Structure formats: structure tokens, C-alpha cells
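I open this notebook to record what I looked up, one topic at a time. I begin with a helix and its charged side chains.

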Amino acid sequence: MHDTITVREGGKDLTFTFTDINTYHGGGFPGGVVHGLKAMQAAFPLLSDTPPERREITVVTAFPGPGGRDAIEMATRALTDGRLTIDRSLGGKDVISDPPGPYVWRFTYRGTTVEVRIKPGHVREEFVTLGAKRDKTDEETARHEALKVEMAERLLPLPAGDIYVAKVL
């Protein structure tokens, strides 16, 4: 399925859906939740033939958003356990017109590191521009909120490989 991620905890499989993660997150940044989910979906098959043990995954990402952070946290507990690092320099310029921007993730598991980078065209310039704008009007705030939902609805049904390129480093 395109809306789930499975990890292991002590040998027991745990599967989280987008809805589970977005509920845990609180719903404010559903696009970011999808990005975190899709990054994990792209990386995990390259890290292990079976679902990885969640508490053995280390994550370094340029993505600072709360939706992505909460997706990673729910699946891996990396924030709680001190295995999540935000490194804005991984993505280079923080503009979507010069990808990958913040959409870079590095997952390490049992000695293997996989880097996941967004493919161009999945984050709209209007979304980035409105997100960065200070003192938004009520209309601009409403439009930005709608774009968050639009991105989540547009990307969630896609296979992770359509959105992200993953490679073993």
C-alpha cells in the first residue's frame, strides 16, 4: 500500500498508516507527513529485506518541518532516542526551484546508509513562496493551508519511487 510504513519493535511488526501518523502529528502539516512517509518508503527496502528494527534507524535530514519530523518519530522513535538530526546544509539552497531544497533524507541502519532526494516537480513554487511569506493575509493563509492538503492528497497515492530517488551511499 502507498499509505503505510512497517517497522519492527523487538521482532514484532508495527504498521503505521498515513492517517495514524497524521493524527499523531495533529494534522497541521499533512504534506510534510506524506514527505516523511514517502522518504521512509523509498529508503527502507534498500536498508533491509525485512522491516527494519525501528530503534536502530538513524536519520539525518534537511527537512525541518513538523509533519516530516512527526512521521519519522512515530515510525522510528528517532527524535525521542536522539537519532534524528536536522542538517539544513544537506539540501543546498532552500528553494524548490533549485531542488532538492530541504527534501533530502539519510537513513542509516546496521551499517548501511540510504540517501533519499526529491525528484523535481512535486512541491509547487506557490506552496514554498506562501510558506516563506511573513505577514500573510487571511486569504494567503487560507490558500497555504489548502496547498498543504492538496500536496498530501496528490502525493499520497503515488509510489515513493515516483517522488523520491533513493540510493545506497
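I first looked at arginine 154 and glutamate 150, which both lie in helix α5, residues 138-155, four residues apart, or about one turn of the helix. I keep in mind throughout that this is a predicted model. The two side chains meet in a salt bridge, with 2.6 Å from N to O. I looked up their accessibility as well: arginine 154 is partly exposed at a relative accessible area of 21%, and glutamate 150 is partly exposed at 22%.

How many salt bridges does the structure hold? I noted 15, and I wrote down two of them in detail, as follows. Arginine 8 and aspartate 13 meet through their side chains at 2.5 Å, N to O; arginine 8 counts as partly exposed at 23% relative accessibility, and aspartate 13 counts as partly exposed at 40%. Glutamate 115 forms a salt bridge with arginine 106, where the closest N and O atoms are 2.6 Å apart. Is glutamate 115 buried or exposed? I find glutamate 115 buried, with a relative accessible area of 5%, whereas arginine 106 is partly exposed at 28%.

Returning to α5, I checked its length: at 1.5 Å a residue its 18 residues should span 26 Å, and the end C-alpha atoms are 26 Å apart, so the two values agree. I listed its buried residues as His144, Leu147, Lys148, Met151, Ala152 and Leu155. Seen down the axis of α5, these buried residues fall within an arc of 130 degrees, so they line one face of the helix. On the other side of α5 I noted Asp138, Glu139 and Glu153 as exposed. What covers the buried residues of α5? The cover includes α2 (30-47), α4 (125-132) and α6 (160-163).

**Entry 6, aromatic pairs.** I counted four aromatic pairs in the structure. For phenylalanine 63 and tyrosine 103, the ring centres are 5.3 Å apart and the planes stand at 55 degrees, so the pair is tilted. Phenylalanine 63 lies in the loop between β3 (57-61) and α3 (66-76), and tyrosine 103 in the loop between β4 (84-86) and β5 (104-109), so this pair ties together parts that are 40 residues apart in sequence. Phenylalanine 63 and tyrosine 103 are both buried.

I also recorded tryptophan 105 and phenylalanine 107, an aromatic pair that is stacked, with 6.5 Å centre to centre and 10 degrees between the planes. Tryptophan 105 counts as buried at 1% relative accessibility, and phenylalanine 107 is buried with a relative accessible area of 0%. Which residues form the one aromatic cluster? I close with them: Phe44, Phe63, Tyr103, Trp105 and Phe107.

Conventions
Residues numbered from 1 in each chain as written. Predicted model: local features only at pLDDT ≥ 70, side-chain atom pairs only at ≥ 80, totals over all residues. Heavy atoms only, no water. Salt bridge = Lys/Arg side-chain N within 4 Å of Asp/Glu carboxyl O. Buried < 20%, exposed > 50% of the residue type's maximum accessible area, 1.4 Å probe, protein only. Helix = DSSP H or I, 4+ residues; strand = E, 2+ residues; numbered from the N terminus. Expected span 1.5 Å × (residues − 1). Arc of directions from axis to C-beta. Contact = heavy atoms within 4.5 Å. Phe/Tyr/Trp six-rings, centres within 6.5 Å; stacked < 30°, edge-to-face > 60°.
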